[in-house]
Amino acid sequence: MIRRAAEITFQFDGDEFTAFDGETISAALLRSGQKNIRSAPTGAPRGMFCGMGVCQECVVEVDGKKTEACRKKVKAGLIVRKATYV
Amino acid sequence: MYDVIVIGAGPAGVNAAIEADNLGYSVLIIDEQGSAGGQVWRNKSSSIIDAPKTETSIKGNALRDALMSSNVSVKYEARVWHIEKCDTIWNIHIENDVLTSKNLIIATGAYERIIPIPGWTLPGVIGLAGATALFKEHMMVPGHKTVVAGSGPLLFYVANEIERLGGTVEAIVSLNSRFDWLKSLLIMITQPILLWQGFKWVTAFYKKTIWQSAPIKFEGADHIELVKIKKVDDDWKPIGKEQILEADSVCYGQGLIPAIEASRLAGAEHHYDETLGGWVPTIDDMGRTSIEGLFVCGDNAGILGALAAPIRGKNAAQAINKNGVVYDIGKFERFGKAMTALSIPRAGLLNLIDTDTDVCRCEGVTRKEIEHEIITGAQSPNAIKSGTRCGMGPCGGRFCADAQAMINEHVTGKTREDIGLPTARPPLRPMPMDQITEELNYDDLPIPGVSPL
């Protein structure tokens, strides 16, 4: 049996998502089926790729700062935006 | 000032730190994650309150407990972005701080080799090791229906974890043949527990495994929907008819590459050895590099895996003393090399990289553009980089350098050693400017006068 922390909500690109308190942004978005989380300079859709903070494909914006979604923990009410350009 | 700074808190780095502490040195260990364990013994997220014990959690917790009960100082969620040696002192730059030490042990581990094929940038296609991070940290699966593709033992571990955590494996697409595996079984006999575990995984997925095959294209609009595969020959060149698999997720990778950026930036000599995963620091049997006071251990010194890592870590700490003790890694080295051998790239792989495929994911540089740059004169990685931007993006070239060198090898006939590597430069990871500099006001910048011309 896996026991998880309480569910919380946060925003990504204007939409509301649920997450288990303390998990990473990328895990929460993937669980909700939101795989496409960034547009490459070519316009192509991108999502989490290396999962360990190396490839920078899952970069999002939190509080105006670019951060890897696979390293940043979700907390209640967090506002996450698509990164404008990486 | 510390006697020793260790970069990377996986099994190699932590064991190096504890051994150095036991030898009486003052030690600091730095890691970009929130806790020790590295990728292989990655800690669970705080979102998991309770879960059944696994090998990862037991071994990871033992490693973290041993570190906690030592005198080693720790710095987590800290990223080393620059390394400099000033006289005999190492300056280790992290966000907004510089740490100093007399000795430096680099234990930065590895990242994945992922061969670029059409559609490899689609959301839902993730690395095999990336998938293991999801299992270990979040106990979750990458999707509802997953294709697991590539080479080496990670395929079977990933497939097993997906089904243990409630997902469905559509198929394992293995570049390796059954015969490749039989050959490595002879060496696995030295590790009976792992042999038995491996045997259980392979038999559990035997019917779902498509041997000697590779994805040739990933398809989907917004994310992965279809995987097209083909058989490959002994050289891993795709042959025969296409087969189509449905999937909402793909775990994909062709082995591990030593993470040598830090040891290169520190100035150590490196050489190419495909049996160790590619470019590795040139070291003695204890991890001493060509630079005084610089030591390396773990997979960044050559891919030998988690069994060899603790011993390599202890040796790196012992190496600080001229008369340090050498611990024997003999059978772990043989085992590690047998696993690494399953992922040594073969020439036919190049046929998977379509001419219009983005080899450089960050900057969108295709194989055709790289080939054109080489044919028109750019033969070094530096020249290709400045001509096409291949390797200039946020990943620092980690996910295109190997494929770019394979293409260069093919076009020029040069060896990997002759092709060489691009110049090592900071930052080791992308850094927001305000974390490197003091707070900056643009109005304070001096404006140069008008040029006399």
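**Domain contacts, chain pairing and local structure in chain B**

In this predicted model, 12 residues of domain 1 of chain B make contact with 13 residues of domain 2 of chain B. On the side of domain 1 that touches domain 2, the largest share comes from helix α9 (residues 330–341) of chain B, which supplies five residues. By class, the residues on this side of domain 1 of chain B comprise five nonpolar, three polar and four charged. The C-alpha centres of the two domains of chain B, domain 1 and domain 2, are 28 Å apart. The division of chain B assigns residues 2–111 + 256–340 to domain 1, residues 114–253 to domain 2 and residues 353–419 to domain 3.

Within the range assigned to domain 1 of chain B, 2–111 + 256–340, helix α1 (residues 11–22) contains 12 residues and spans 16 Å from its first C-alpha to its last, close to the 16 Å expected at 1.5 Å a residue. Of the 12 residues of α1(B), 11 are buried, so the helix is largely enclosed by the rest of the structure. The buried residues of α1(B) include P11(B), A12(B), G13(B) and V14(B), and the charged side chains E19(B) and D21(B) are also among them. The cover over the buried residues of α1(B) includes the strands β1 (2–7), β2 (27–30) and β7 (97–106) of chain B, together with the helices α2 (55–68) and α8 (309–318) of chain B. Just after α1(B), G24(B) adopts a positive phi of about 100°.

The loop between β1 and α1 of chain B contains A9(B). This residue, A9(B), has 29 other C-beta atoms within 10 Å and is therefore buried. When residues up to four places away in sequence are not counted, A9(B) touches V14(B), I29(B), D31(B), A36(B) and G38(B); of these, V14(B) is itself one of the buried residues of α1(B). A9(B) and L67(B) are 58 residues apart in sequence, and their C-alpha atoms are 9.6 Å apart in space.

Together with helix α4 (residues 154–164) of chain B, the strands β10(B) and β11(B) make a right-handed β-α-β unit. Strand β11 (residues 168–174) of chain B has six of its seven residues buried, so this strand is largely enclosed by the rest of the structure. A further parallel pairing, of two bridges, joins β11(B) to strand β12 (residues 209–210) of chain B, with I172(B) opposite T209(B). By contrast, strand β13 (residues 213–219) and strand β14 (residues 226–232) of chain B run antiparallel and are joined by six bridges, in which S213(B) has K231(B) as its bridge partner. A hairpin of six residues connects β13(B) to β14(B).

Turning to the contact between chains, 34 residues of chain B meet 33 residues of chain A. On the side of chain B that touches chain A, at least two residues each are supplied by β3 (48–50), β8 (110–112), β9 (125–127) and α3 (128–138) of chain B, and α3(B) gives the most, with five residues. The residues on this side of chain B fall into 17 nonpolar, 11 polar and six charged. Strand pairing also crosses between the chains, as two bridges join strand β1 (residues 3–4) of chain A to β3(B) in an antiparallel arrangement. Within β3(B), I48(B) is the bridge partner of R4(A).

Leaving aside neighbours within four places in sequence, G387(B) is in contact with E373(B) and A378(B). The C-alpha atom of G387(B) is separated by 16 Å from that of I419(B), a residue 32 places away along the chain.

Terms used. Residues are numbered from 1 along each chain as its sequence is written. Chains are lettered from A and ligands numbered from 1 in the order in which they are written. This is a predicted model: local features need pLDDT of at least 70, side-chain atom pairs count only at pLDDT 80 or more; totals for chains, interfaces and linings use all residues. Two residues are in contact if their C-beta atoms, placed from the backbone, lie within 7 Å. Domain bounds come from an automatic or database domain assignment. Helices (H or I, at least four residues) and strands (E, at least two) are DSSP runs, numbered from the N terminus. The expected span of a helix is 1.5 Å times one less than its number of residues. A residue is buried if 20 or more other C-beta atoms lie within 10 Å of its own, exposed if 12 or fewer, and partly exposed in between; C-beta atoms are placed from the backbone. Two strands pair if DSSP finds at least two bridges between them. A crossover is right-handed if, with the strands pointing away from the viewer, the path from the first strand over the helix to the second runs clockwise.
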